[in-house]
Amino acid sequence: MAKILLVEDEKILRDAYTILLESQDGYELDVATNGQEALDLCANNTYDVILLDLMMPVLDGVGFLEKASLKQRSPSTRVVIMSNLSSGEALAKAIELGIHRHAVKSDLSSAEVVALVQEELNA
Amino acid sequence: MVITALRDDEGKLVGFAKVTRDLSERKEHEEQLYQANLKLKRQSADLQELNRTKDEFISLASHQLRTPASGVKQFLGLLLDGYAGELTPRQREFLQHAYDGNERQIELVNDLLRVAQLDAGKIVLKKQPVNINNLIKYVTREQSDKFKDRHQVLALELPQETVAASVDVMRFRTVLENLIDNASKYTPEGGKIIVRLSAGRGRVTIAVVDTGVGIEKESLGKLFIRFSRVPNYLSESVGGSGLGLYWAYKIAQLHKGTIEVASQPGKGSTFTIIIPQGVRHG
């Protein structure tokens with residue numbers, strides 16, 4: 001079973017991606033609504049893929065990456081930034097902190113989201 | 001003020017003559033000019049700030065707009081892909097229309113965002129030597145479905161030898177896509193589009209020739225400004241933001257080049273990109 005963590009603060013997107021990913025065979029999905037919840041989940045779980053939003057309340061994507069120290073604690077976890085920002089400081093910071101890929105949510109169809117997750121799992 | 005000593009024939013000092021000029025009027029004018037100049041400088045600074053704020057606003061609004069559009073995209077996609085059960089043909093048709101409409105909305109937001117970044121001077125070109133023959137082939141291959149759907153012929157006229165130029169691949173590609181897409185959109189079904197590449201005297205020229213509706217002379221000057229949509233019998237059915245040509249022109253300019261247009265209403269148009277080669281011809 002592939003363990004996937006979805007970190008997304010917008011309900012409509014969180015609901016859509018949850019339906020999508022939970023429908024796939026072999027995926028076990030955890031969901032966080034902000035960076036802090038994601039940190040709490042990462043404390044007790046190791047994920048194969050983390051789909052991470054950047055703009056979130058309480059603790060944002062960059063804050064999560066800074067505190068999670070994934071490179072040290074679970075180097076095999078693949079982090080994908082899913083954001084609707086196409087440029088900017090937040091993305092640049094995230095790239096610096098070591099992410100594997102970034103995608104613009106409004107560019108990806110449901111099938112493309114699944115394909116992206118599958119590619120990262122196979123990486 | 002000038003004071004002159006007055007002397008008699010023997011050189012004895014007899015008095016002084018004083019000549020003064022009234023400078024107060026001139027000083028007043030100078031002061032007015034100075035104040036007017038200050039005011040203009042302040043207004044110019046305010047306008048620049050307003051412009052910057054406008055660009056920031058467009059950027060922020062575009063990002064905000066993407067979120068609900070992404071949500072709609074996902075849920076319509078889930079329906080269309082059967083995640084909520086089998087669809088009747090009519091349901092599928094309606095949902096597809098909704099999906100397509102939402103895609104257009106996303107495209108418009110993307111265009112707005114790009115143009116805001118352009119206007120804010122945030123676009124920095126990353127140039128590298130590129131095989132332009134291959135770039136044209138790549139772009140036209142990507143668009144080939146669209147031409148097939150419209151029963152249009154897309155012909156490439158490329159020279160035997162490779163034409164290399166120093167361009168920002170990502171941005172330059174969008175310029176080509178934009179011109180070729182326009183050529184297809186504004187040419188009726190069954191028409192022909194030609195993409196012609198040539199190089200010489202340190203410049204690379206790419207002409208996109210269509211057999212479409214053409215553009216009236218009066219409209220030619222308005223093509224490359226923002227939100228410009230030239231009225232013709234096809235423009236009702238043609239989607240778009242009116243930002244494509246503005247973007248294309250600005251990108252060509254950033255490459256120190258330009259885009260020229262020639263057109264005959266009812267016969268067709270030719271959009272020509274001219275840019276400096278920037279590399280040794282290879």
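1. Which residues line the largest cavity? In this predicted model, the lining is made by Asp55(B), Ser59(B), Leu113(B), Ala116(B), Gln117(B), Ala120(B) and Lys122(B). By class, these lining residues divide into three nonpolar, two polar and two charged.

2. As to where the lining comes from, the elements that each give two or more residues to the largest cavity are helix 1 (24-80) and helix 2 (89-119) of chain B. Helix 2 of chain B gives the most, with three residues.

3. The volume of the largest cavity is about 40 Å³, and the count of cavities of 30 Å³ or more comes to one.

4. Turning to the helix pair, helix 5 (residues 169-185) of chain B packs against helix 7 (residues 244-254) of chain B at an angle of about 140 degrees, and their axes are 9 Å apart. Because angles over 145 degrees would count as roughly antiparallel, this value makes helix 5 of chain B oblique to helix 7 of chain B. The crossing of helix 5 of chain B past helix 7 of chain B is left-handed.

5. On the side of helix 5 of chain B, the contact is made by Arg171(B), Thr174(B), Val175(B), Asn178(B), Leu179(B) and Asn182(B), while helix 7 of chain B contributes Gly244(B), Leu245(B), Trp247(B), Ala248(B) and Ile251(B). Sorted by class, the contact between helix 5 and helix 7 of chain B has six nonpolar, four polar and one charged residues.

Key. Residues numbered from 1 in each chain as written. Chains lettered and ligands numbered in written order. Predicted model: local features only at pLDDT ≥ 70, side-chain atom pairs only at ≥ 80, totals over all residues. Heavy atoms only, no water. 1 Å grid on protein atoms, 1.4 Å probe; cavity = no way out; pocket = protein on both sides within 12 Å on 5 of 7 lines; lining within 4 Å. Points joined across faces, edges and corners; volume = space filled by probe spheres on them. Helix = DSSP H or I, 4+ residues; strand = E, 2+ residues; numbered from the N terminus. Nonpolar A, V, L, I, M, F, W, Y, C, P; charged D, E, K, R; others polar. Axes fitted to C-alpha atoms, helices over the stretch in contact; angles between N-to-C directions. Parallel < 35°, antiparallel > 145°, perpendicular 65-115°, else oblique. Left-handed = near helix turned anticlockwise from the far one by under 90°. Contact = heavy atoms within 4.5 Å.
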